[in-house]
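I opened my notebook for a quick look through this one. Here is the model, followed by what I looked up.

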Amino acid sequence: MANRLLPLEDYNALRAQAESQGLFERTRFRYLCSVGAGIVGMIASLFFVTLTDNIFVQFINAVFFVFSSIRVGTASHDLSHNMVFSSPSVNRNVGTVTWALLVGMSGEKWFLNHNLHHKHVNHIGYDPDVTIPFVFSEKQFSERPTPRFRWLFAYQHLTFWVALPFVYISYV
C-alpha cells in the first residue's frame with residue numbers, strides 16, 4: 001500500500017483554510033437539535049412498536065429507529081472528539097452519558113478503541129477496527145489478496161456501514 005500522507009505544510013495550509021471558513025467553530029445549538037431529533041425519533045419509534053404487528057411496517061420502523069439512533073451516535077462521536085463544548089471534561093462526561101443512556105454501549109470502551117483506531121489506522125495488531133467480524137481479516141492485508149478482498153478494500157468506506165453493527169456489539 002502506497003503512503004498517501006501529505007507533507008505537513010499542506011496539512012497546515014488545509015487547516016488554515018478550514019479555520020478561515022469557520023469550519024472549526026463549535027455549534028452547540030446544532031448538536032442540541034440533532035440529539036433532540038434523535039431522541040424524539042427513538043421515542044416515537046418505540047411507541048410505534050406498540051401500534052401494529054405488521055412485519056413490513058415494523059421493518060420500516062426499525063430503519064427509522066436506526067437513523068434516529070445514528071443521529072445521537074454521531075453527536076456522541078463528536079463529543080468524544082471534544083468538538084461540542086470547549087471543556088474536554090464536559091465533552092467526556094456528556095459523551096459518556098449519551099453513549100450509555102441513548103446509544104446503549106460503553107463510552108469508555110468506545111473512547112479507547114476509537115482513539116486507538118485514529119492513532120493506528122488500518123494497522124493490523126494496533127487498530128481495533130480491522131478486527132470487525134466478517135469484514136476485515138489478516139488475509140485482506142496479505143501481499144496478494146484475492147479479488148474479493150481487493151474489492152472490499154477499495155470500497156471499505158461503503159462496507160463500513162454494513163459492518164458497523166458488529167463493531168458496536170463488541171463495544172457493549
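I began with Val 66, which sits in helix α3 (residues 55-80); helices here are DSSP runs of H or I, at least four residues, numbered from the N terminus. Val 66 is partly exposed, at 42% relative accessible area, where buried means under 20%, exposed over 50%, and partly exposed in between (1.4 Å probe, protein chains only).

I noted that this is a predicted model, in which local features need pLDDT of at least 70 and side-chain atom pairs count only at pLDDT 80 or more, while totals for chains, interfaces and linings use all residues. Residues are numbered from 1 along each chain as its sequence is written, and side-chain values use heavy atoms, leaving out hydrogens and water.

Next I looked up the largest nonpolar core, and found five residues: Tyr 31, Val 35, Ala 75, Leu 79 and Val 84. Such a core is a set of buried Ala, Val, Leu, Ile, Met, Phe, Trp, Tyr and Cys residues joined through side-chain atoms within 4.5 Å. Helices α2 (28-49) and α3 each supply at least two of its residues.

What does Val 84 touch, leaving aside its neighbours within four places in sequence? I listed Arg 26, Arg 28, Tyr 31, Asp 78, Leu 79 and Asn 91, taking contact as heavy atoms within 4.5 Å.

Then I checked Asn 82, in the loop between α3 and α4 (88-103). Its phi is near 60°, a positive value in a residue other than glycine. Most residues other than glycine have a negative phi. Asn 82 is partly exposed, at 33% relative accessibility.
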